[in-house]
Amino acid sequence: TQLEWLDPEEDRWVWVVRYDTAGGKGHRDRNRIAAHEPVPLPESPGKALNWAKRDLRSRAREYIEEYRAAKAQGKEAW
């Protein structure tokens with residue numbers, strides 16, 4: 001599950017935040033900010049998806065603004 005945002009400067013969609021369990025642990029990746037931030041994703045895939053969706057809905061603006069700030073500071077995307 002991931003949050004994408006239409007970057008008006010680049011005129012394309014970029015990923016801002018995504019959740020996965022690569023490496024066996026639930027985590028959040030934040031483009032230009034942090035890789036593998038630990039998060040309390042439930043073990044059940046359905047519950048983990050719902051948890052991630054709730055987090056994205058409640059914090060989408062915050063994540064986008066932090067992405068924009070990191071980009072303005074010249075931090076590299078991945």
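**Notebook: core and pocket of a predicted model**

Over residues 2-71, I found the chain to be 39% helix and 34% strand, with the end C-alpha atoms 18 Å apart. I note that the model is predicted. I also looked up the record for this stretch: an unreviewed UniProt entry carries the annotation "domain: DUF7718" over residues 2-71.

**Entry: nonpolar core**

I asked which residues of the largest nonpolar core touch the most other members. Of its 15 residues, these are Leu-3, Trp-5, Val-16, Val-17, Tyr-19, Leu-56 and Tyr-63. I then traced the core to its elements: β1 (2-7), β2 (12-20) and α1 (45-72) each give two or more residues. The most comes from α1, with 7 residues. As general background, I recorded that nonpolar side chains tend to be buried together in soluble globular proteins.

**Entry: Tyr-63**

I next listed the contacts of Tyr-63, leaving aside its neighbours within four places in sequence. Tyr-63 is in contact with Leu-3, Val-16, Val-17, Tyr-19 and Leu-56, and also with Arg-28, Arg-30 and Asp-55.

**Entry: largest pocket**

How much space lies in the largest pocket? I noted about 190 Å³. Its lining has 14 residues, and Thr-21, Leu-41, Pro-42, Glu-43 and Ala-48 lie nearest the centre of the pocket.

**Entry: α1 in summary**

Key: Residues are numbered from 1 along each chain as its sequence is written. This is a predicted model: local features need pLDDT of at least 70, side-chain atom pairs count only at pLDDT 80 or more; totals for chains, interfaces and linings use all residues. Side-chain values use heavy atoms; hydrogens and water are left out. A nonpolar core is a set of buried Ala, Val, Leu, Ile, Met, Phe, Trp, Tyr and Cys residues joined through side-chain atoms within 4.5 Å. Buried means under 20% relative accessible area, exposed over 50%, partly exposed in between (1.4 Å probe, protein chains only). Helices (H or I, at least four residues) and strands (E, at least two) are DSSP runs, numbered from the N terminus. Contact means heavy atoms within 4.5 Å. UniProt positions are given in the numbering used here, feature names are shortened, and annotations may be inferred rather than shown by experiment. On a 1 Å grid over the protein atoms alone, a cavity is a set of points where a 1.4 Å probe fits but cannot get out, and a pocket is an open set with protein on both sides within 12 Å along at least five of seven lines; lining residues have an atom within 4 Å of a point. Grid points are joined across faces, edges and corners, and a volume is the space filled by probe spheres set on the points.
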